[in-house]
Amino acid sequence: PKDIDLIVCGEIIEHLSNPGILLTTLRLLNKEIIISVPNAYSEAGHRHIQQGFENVNIDHVCWYSYRTLLTLIEKCGFRLKDWMWYGGKPLFAEGLIMIIQ
């Protein structure tokens with residue numbers, strides 16, 4: 001499709017068995033992409049682990065940190081345009097957003 005300006009992958013790639021296939025395919029469209037994921041090192045997740053359990057959506061197959069998400073996008077041929085934390089303090093926030101091209 002030629003009428004797409006922006007692709008949003010909000011809270012989905014952590015559910016995929018192979019997110020690289022999705023991103024590699026989307027790269028063919030040559031559009032900017034916004035990706036958001038839960039943060040592997042969130043403060044809330046850390047509190048749950050201290051209580052003896054991992055509180056995770058049963059459909060998630062992976063956790064992303066800044067470094068692991070950056071590695072994924074670079075392996076798929078993208079470059080990072082911008083990024084930010086959401087839902088808390090940097091490093092320990094609830095999630096991470098990356099804008100890639």
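Visitor: What do strand 1, helix 1 and strand 2 make, and of which handedness?

Guide: In this predicted model, where local features need pLDDT of at least 70, side-chain atom pairs count only at pLDDT 80 or more and totals for chains, interfaces and linings use all residues, strand 1, helix 1 (residues 19–27) and strand 2 make a right-handed β-α-β unit. Residues are numbered from 1 along each chain as its sequence is written, and side-chain values use heavy atoms, with hydrogens and water left out. A crossover is right-handed if, with the strands pointing away from the viewer, the path from the first strand over the helix to the second runs clockwise; helices (H or I, at least four residues) and strands (E, at least two) are DSSP runs, numbered from the N terminus.

Visitor: What makes strand 1 and strand 2 a pair, and in which sense do they run?

Guide: Two strands pair if DSSP finds at least two bridges between them, and strand 1 and strand 2 (residues 32–38) have five bridges in the parallel sense. Within this pairing, I7 stands opposite I33 in strand 2.

Visitor: Why is the pair of Y66 and W83 called tilted?

Guide: Rings of Phe, Tyr and Trp (its six-membered ring) pair if their centres lie within 6.5 Å, and planes under 30 degrees apart count as stacked, over 60 as edge-to-face and the rest as tilted. By this rule the count comes to two aromatic pairs. The ring centres of Y66 and W83 lie 4.7 Å apart and their planes stand at 50°, so this pair is tilted. The pair links distant parts of the chain, with Y66 in helix 3 (residues 66–75) and W83 in strand 3 (residues 80–86), 17 residues apart.

Visitor: Why is the pair of W83 and W85 called edge-to-face?

Guide: The centres of the W83 and W85 rings are 5.5 Å apart and their planes are at 85°, so the pair is edge-to-face. Y66, W83 and W85 form one aromatic cluster.

Visitor: How do you know whether W85 is buried or exposed?

Guide: Buried means under 20% relative accessible area, exposed over 50% and partly exposed in between (1.4 Å probe, protein chains only). W85 has 19% relative accessibility, so W85 counts as buried, whereas W83, at 33%, counts as partly exposed. Y66, with a relative accessible area of 26%, is partly exposed, and F92, with 46%, is partly exposed.
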